[in-house]
Amino acid sequence: RLFRRGILLKDGSALEKLAEVDTVVFDKTGTLTTGKPVLTNAEAIPTQAFALAAALAADSRHPLSQAIAAAARERGIRPAELSDVTEHPGLGVAGISGDIPVRLGRGEWLGSTTPQSGTATWLRIGDAAPLAFLFTDEPRAEAAETVAALKASGLRVILLSGDARIPVATLAHALGIDEWSAGTTPAEKVARLDALREEGRKVLMVGDGLNDTAARAAAYVSISPASAVDASRSAADLIVIGDRIDRVVTAWHIARTARRRILENFVLAFSYNIVTVPLAFAGYITPLLAAIFMSWSSVTVCLNALRWRKQA
């Protein structure tokens, strides 16, 4: 049933956990947005700086790095030669050009305090001032509807993003998310999930980035899209097949319906035993009637279980 709705369940216990969720935490890029950012200021980037950024971005799976690499290919810019290239999770990528250190990543990591109205990553060459690479990344068409549906179901919705404050605030406002945090590192996301757990919250984490792997592992239950990297999918309990985030709502409703049917069947089975068995022992019901009631109880439980196929 889940698979036909575009959801892959990796562990049977995850469905039970999903039914108990009361809080949903979203990542931003690639989850609530399309995850296909486009570099908007390519013409303003010097060729040498572009080549260094392309070299740093070459081996990274981060959407912004992939956008830089794609823009460099479109402009015919070959990546520069670098040594000692190292990725720092949640921060960026660093390397050496000749004997000059170069870094590409978060503004705070590179010493930039210049706010940007959109999504940005920064390049720093040696001690020079950081250079901004600006991007646009549109919200998913179904993102606002998904958030509204979750809130209407009584769930608390939170946005945790490593992006800058202005683009995160803009997206949160557009989607109707009241609780959000920008510039959040992977460790800070884990700490926030731990704090929610201490509050007694049962959190569903939805994200696709490699940097969110620890956060998904720390959540009560987690969902990752099929387009995510292997490590991200491995850490998730459920995988959304395709490219629609509204399947998170579908999965939650199916889980709730399935649990409701299970509880109802327990009540039906218990009711039969609490009523019929004592009467049979007291001699008020013949063995034939007891067998008929037993068969009818089994049929009732099966029919009730089948109801969820129409309601899920």
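User: Which strand supplies the largest share of the lining of the largest cavity?

Analyst: Rolling a probe the size of a water molecule over the atoms shows where empty space is left. On a 1 Å grid over the protein atoms alone, a cavity is a set of points where a 1.4 Å probe fits but cannot get out, a pocket is an open set with protein on both sides within 12 Å along at least five of seven lines, and lining residues have an atom within 4 Å of a point. Here the largest share of the lining of the largest cavity, 3 residues, is contributed by strand S12 (residues 221-225), where strands (E, at least two residues) and helices (H or I, at least four) are DSSP runs numbered from the N terminus. This is a predicted model, in which local features need pLDDT of at least 70 and side-chain atom pairs count only at pLDDT 80 or more, while totals for chains, interfaces and linings use all residues. Residues are numbered from 1 along each chain as its sequence is written, and side-chain values use heavy atoms, with hydrogens and water left out.

User: What is the volume of the largest cavity, and how do its lining residues divide?

Analyst: A volume is the space filled by probe spheres set on the grid points, which are joined across faces, edges and corners. For the largest cavity that volume is about 60 Å³, and the count of cavities of 30 Å³ or more is 1. Its lining includes Gly30, Thr31, Arg140, Ile223, Ser224 and Pro225, and the residues divide into 4 nonpolar, 4 polar and 3 charged; Ala, Val, Leu, Ile, Met, Phe, Trp, Tyr, Cys and Pro count as nonpolar, Asp, Glu, Lys and Arg as charged, and the others, Gly among them, as polar.

User: Which residues are closest to the centre of the second largest pocket?

Analyst: That pocket holds about 180 Å³ of space, and of its 13 lining residues the closest to the centre are Lys28, Asp137, Pro167, Thr170 and Leu171. Strand S8 (131-136) and helix H6 (165-175) each give two or more residues to this lining, with H6 giving the most, 4 residues.

User: In which sense do S5 and S6 pair?

Analyst: Two strands pair if DSSP finds at least two bridges between them. S5 (residues 92-97) and S6 (residues 100-105) pair in the antiparallel sense over 6 bridges, Ala94 having Arg103 in S6 as its bridge partner. In their hairpin, with 2 residues between the strands, Gly98 takes a positive phi near 70°. S6 is also joined to strand S7 (residues 119-125) by 4 bridges, again antiparallel, and Leu104 stands opposite Leu123 in S7.

User: How many residues of helix H2 are buried?

Analyst: Buried means under 20% relative accessible area, exposed over 50%, and partly exposed in between (1.4 Å probe, protein chains only). In H2 (residues 47-57), 9 of the 11 residues are buried, so the helix is largely enclosed by the rest of the structure; among the buried ones are Phe50, Leu52 and Leu56. They pack against strand S3 (38-39), helix H3 (63-74), S5, S6, S7 and S8.

User: Which members of the largest nonpolar core touch the most others?

Analyst: A nonpolar core is a set of buried Ala, Val, Leu, Ile, Met, Phe, Trp, Tyr and Cys residues joined through side-chain atoms within 4.5 Å. Among the 33 residues of the largest one, Leu18, Phe26 and Leu204 touch the most other members. Helix H10 (residues 247-281) gives the most to this core, 6 residues.

Note on methods
Contact means heavy atoms within 4.5 Å.
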